[in-house]
Amino acid sequence: MRDERGFLLLEVLIAFIIAILALGVLFRATGDGLRASQQAQDYEEAVVRARSHLAMATRGGSLMPGTWNGDDGGGYRWRLHVTPLAQTVARPIGGPPVPLALYEVSVEVRWGDGEHARTVRLDTQRIGQPVG
């Protein structure tokens, strides 16, 4: 009859090493997934803030050329830039001429510092009354 033996110490050590390596890979993948989820949430928050600033800047009929900056809190900073692109005069049938201008409106939202700084930028064009 053959003697029944248990595992050798070497076999147990190799099994432990394989288990530790597998757990290390699992923990790293979990950490990477959590970081990616947080980055996606940060981008979504920045887009919502940029859309809000864009809506505020373009509501109503008149746009003012210039650049404005601000801090939204939570580490988010914004920059709004309005540039006139072209001017024309619309001539409605039976009405007085109406001066119009085409503006480019750009909003940037930034967060993070240094190597981890991120930016979201939204651009649009709007028609408004010329200034001056």
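Analyst: Start with burial. A residue is buried under 20% relative accessible area, exposed over 50%, and partly exposed in between, using a 1.4 Å probe and protein chains only. Ala101 has a relative accessible area of 3%, so Ala101 is buried. A note on sources: this is a predicted model, where local features need pLDDT of at least 70, side-chain atom pairs count only at pLDDT 80 or more, and totals for chains, interfaces and linings use all residues. Residues are numbered from 1 along each chain as its sequence is written, and side-chain values use heavy atoms, leaving out hydrogens and water.

User: Which elements make up the chain, and in what pattern?

Analyst: Elements are DSSP runs: helices are H or I with at least four residues, strands are E with at least two, and numbering starts from the N terminus. Here the chain has one helix and four strands. Along the sequence they follow α-β-β-β-β.

User: How do I read the radius of gyration of the chain against a compact globule?

Analyst: Take the radius over C-alpha atoms, then compare it with the globule rule, 2.2 Å times the number of residues to the power 0.38. For 132 residues a compact globule would be near 14 Å, but this chain has 30 Å. The spans back up the reading: the C-alpha trace covers about 115 × 30 × 20 Å along its principal axes.

User: What share of the chain is buried?

Analyst: Of the 132 residues, 19% count as buried. Accessible areas come from the Shrake-Rupley method with a 1.4 Å probe, and for residues only the protein chains shown count as cover. The chain totals about 10,100 Å² of accessible surface, with 59% of it on carbon and sulfur atoms.

User: Which residues have the most contacts inside the largest nonpolar core?

Analyst: A nonpolar core is a set of buried Ala, Val, Leu, Ile, Met, Phe, Trp, Tyr and Cys residues joined through side-chain atoms within 4.5 Å. The largest one holds 16 residues, and Ala46, Leu80, Val82, Val105, Val107 and Val109 have the most contacts inside it. Helix 1 (9-58), strand 2 (76-90) and strand 3 (98-111) each supply at least two of its residues. Strand 3 gives the largest share of this core, six residues.

User: What does Ala46 touch?

Analyst: Contact means heavy atoms within 4.5 Å. Ala46 sits in helix 1. Its relative accessible area is 0%, so Ala46 is buried. Beyond neighbours within four places in sequence, Ala46 contacts Tyr76, Val109, Trp111 and Val120. Ala46 and Arg110 are 64 residues apart in sequence, yet 7.5 Å apart in space, C-alpha to C-alpha.

User: Is Arg49 buried or exposed?

Analyst: Arg49 has 19% relative accessibility, so Arg49 counts as buried. Arg49 is also in helix 1. Not counting residues up to four places away, Arg49 touches Asp72, Gly73, Tyr76 and Val109.

User: Where does Ala101 lie, and what does it touch?

Analyst: Ala101 lies in strand 3. With neighbours within four places set aside, Ala101 contacts Ala86, Gln87, Arg126, Ile127, Gly128, Gln129 and Pro130. Ala101 and Thr124 are 23 residues apart along the chain, with C-alpha atoms separated by 14 Å.

User: Why does Asp123 count as partly exposed?

Analyst: Asp123 counts as partly exposed because its relative accessibility is 44%. Asp123 is placed in strand 4 (residues 118-128). Arg51 is 72 residues from Asp123 in sequence and 9.9 Å away in space, C-alpha to C-alpha.

User: Now a loop. Where is Pro92 found?

Analyst: Pro92 is in the loop between strand 2 and strand 3. Pro92 is partly exposed, as its relative accessible area is 39%. Not counting residues up to four places away, Pro92 touches Pro97 and Val98. Pro92 and Asp123 are 31 residues apart in sequence and 29 Å apart in space, C-alpha to C-alpha.

User: What share of the contacts joins residues at least 24 apart?

Analyst: Count contacts between residues at least 6 apart in sequence. Of these, 51% join residues at least 24 apart.
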